[in-house]
Amino acid sequence: MKKPTVVPGPGGRSILSSLPPLSLYVHVPWCVRKCPYCDFNSHELNTEVPEQEYLAALQADLEQALPLIWGRQVISVFIGGGTPSLLSARAVDDMLAMLRACLNLLPDAEITMEANPGTVEAGRFLDYAASGVNRISLGIQSFDDRALKALGRIHDGAQARSAIEAAQAAVDRVNLDIMYALPGQTLEGCRSDLLQAMDYQTGHLSLYHLTLEPNTVFAKYPPVVPDDDLSAAMQDFITDTTAARGWERYEVSAYAQPGQRSRHNLNYWEFGDYLGIGPGAHGKLSFHDRIIRQAKIKNPTSWMQKAVRRDGSHLAEDRAVQWKELGFEFMLNALRLKEGVPRSSFIERTGQSILAIAPAIDSAISKGLLEPDKERLRATELGWRFLNDLQAEFLD
Ligand SMILES: C[S@@+](CC[C@H](N)C(=O)[O-])C[C@H]1O[C@@H](n2cnc3c(N)ncnc32)[C@H](O)[C@@H]1O
Ligand code: SF4
């Protein structure tokens, strides 16, 4: 592999000698019902999904971004939401055909689609797979009907189970999203959810501690959730049980069986590039002399109206990342990984010498938060447990 070098670029900036892998994120903003804990850009829909209008806007959004990624290969696609499984099989087929026509998509690209168990009838997943989806991420949350009700989910445990079976029949790679520290949940409830999830041997689990996010129904009317001691006991149980059964906790919330890590998410954490299309989608793109961040406007209707004007009015943000922000942004992502990243990737991905963050590295090592590893940038057990404190060391 070519060794990157740092050369001062225009205005004293460094330049990247090679570009990182590129992924694509597609945002589908609608849900049947808004869950009370959710702060994603997702909107309850009382009518049919406006598929034609959405796909036309998506294509216009992508085409306007193409000059930014000209000639580059795309290693993965993630169709997230919201609830992408609200789209008909036909719409997903049209979407993937459009993406293939516009992009240089690797033949074995990982193509993940998020699905809500309340929106999939048997057969739908087979159609998505026939169109090229090769990984399905299911929002299970829990198998317990009472917990699902408390979370305002549109499905019960039985529907969750049949969605997993349908997904496994359609694709080889399935992720299950499970949340813990749920309203009224006991350690036994958490244990039961985890054991059931692992028993499906899907290869990948995302296990999230329920957080009460600002501007959600749960922030306004907080449910009674497990206290810190109980939720810590749940995390300990999860850590021990997954490890004992051969699941690697390779990122703070991501657990994989061997060979099953998500390529798309790894690219985020390794500070790779991604283009985001759809309402509210974010992107980070590298050029030889700068790194830019983009965000699309969040409101689905305005985004659809503006994207097709093709005049850039669908952009909410479009700016070069400041030199001094880069070190923190890189570490914010890299430290989420259990194994961290090679030290050499700092210069590769930011164009800066590691000397730029040397004082923060020394300070974090002296506090026992970062491993004194000559090859890798990697959190210690303590640093991982207090990740916010470790990340804050790298704030300028
Ligand atoms: C976009 S959703 C997944 C797909 C689909 N919308 C669904 O919910 O079935 C992403 C995941 O983030 C997790 N999540 C969302 N809000 C959360 C919160 N406040 N705390 C913890 N996890 C959350 C859930 O596990 C959810 O499945
Ligand atoms: S279905 Fe998923 S995206 Fe939609 S509101 Fe619920 S958690 Fe959020």
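When I say a residue surrounds a ligand, I mean that its C-beta atom, placed from the backbone, lies within 6 Å of that molecule. By that rule, ligand 2 has C31, K34, C35, C38, F40, S42, G81, G82, T83, N116 and G139 around it.

Quick housekeeping: this is a predicted model, where local features need pLDDT of at least 70 and side-chain atom pairs count only at pLDDT 80 or more, while totals for chains, interfaces and linings use all residues. Residues are numbered from 1 along each chain as its sequence is written, and chains are lettered from A and ligands numbered from 1 in the order in which they are written.

Back to ligand 2: its shell is four nonpolar, six polar and one charged. Here Ala, Val, Leu, Ile, Met, Phe, Trp, Tyr, Cys and Pro count as nonpolar, Asp, Glu, Lys and Arg as charged, and the others, Gly among them, as polar.

What about ligand 1, and which residues are closest to it? Ligand 1 has 16 residues around it, and the closest are E114, N116, G139, D177 and Y208. At least two shell residues each come from strand 4 (73-81), strand 6 (135-141) and strand 7 (173-180). Helices (H or I, at least four residues) and strands (E, at least two) are DSSP runs, numbered from the N terminus. By class, the ligand 1 shell has six nonpolar, seven polar and three charged residues.

Most residues other than glycine have a negative phi, and most peptide bonds are trans. G81 and G82, though, are joined by a cis peptide bond, with omega about 15°. G82 sits in the loop between strand 4 and helix 2 (89-102).

Then there's A181, with phi near 60°, in the loop between strand 7 and helix 6 (187-199). N215 has phi near 65°, and you'll find N215 between strand 8 (203-209) and helix 7 (217-220).

Are those two buried or exposed? A residue is buried if 20 or more other C-beta atoms lie within 10 Å of its own, exposed if 12 or fewer, and partly exposed in between, with C-beta atoms placed from the backbone. A181 has 19, so A181 is partly exposed; N215 has 7, so N215 is exposed.

Last one: helix 1 meets helix 10 through E53, Y54, A57, A60 and D61 on one side and W303, M304 and A307 on the other, a contact being C-beta atoms, placed from the backbone, within 7 Å. By class, that contact has six nonpolar, no polar and two charged residues.

Definitions and conventions:
Contact = placed C-beta atoms within 7 Å.
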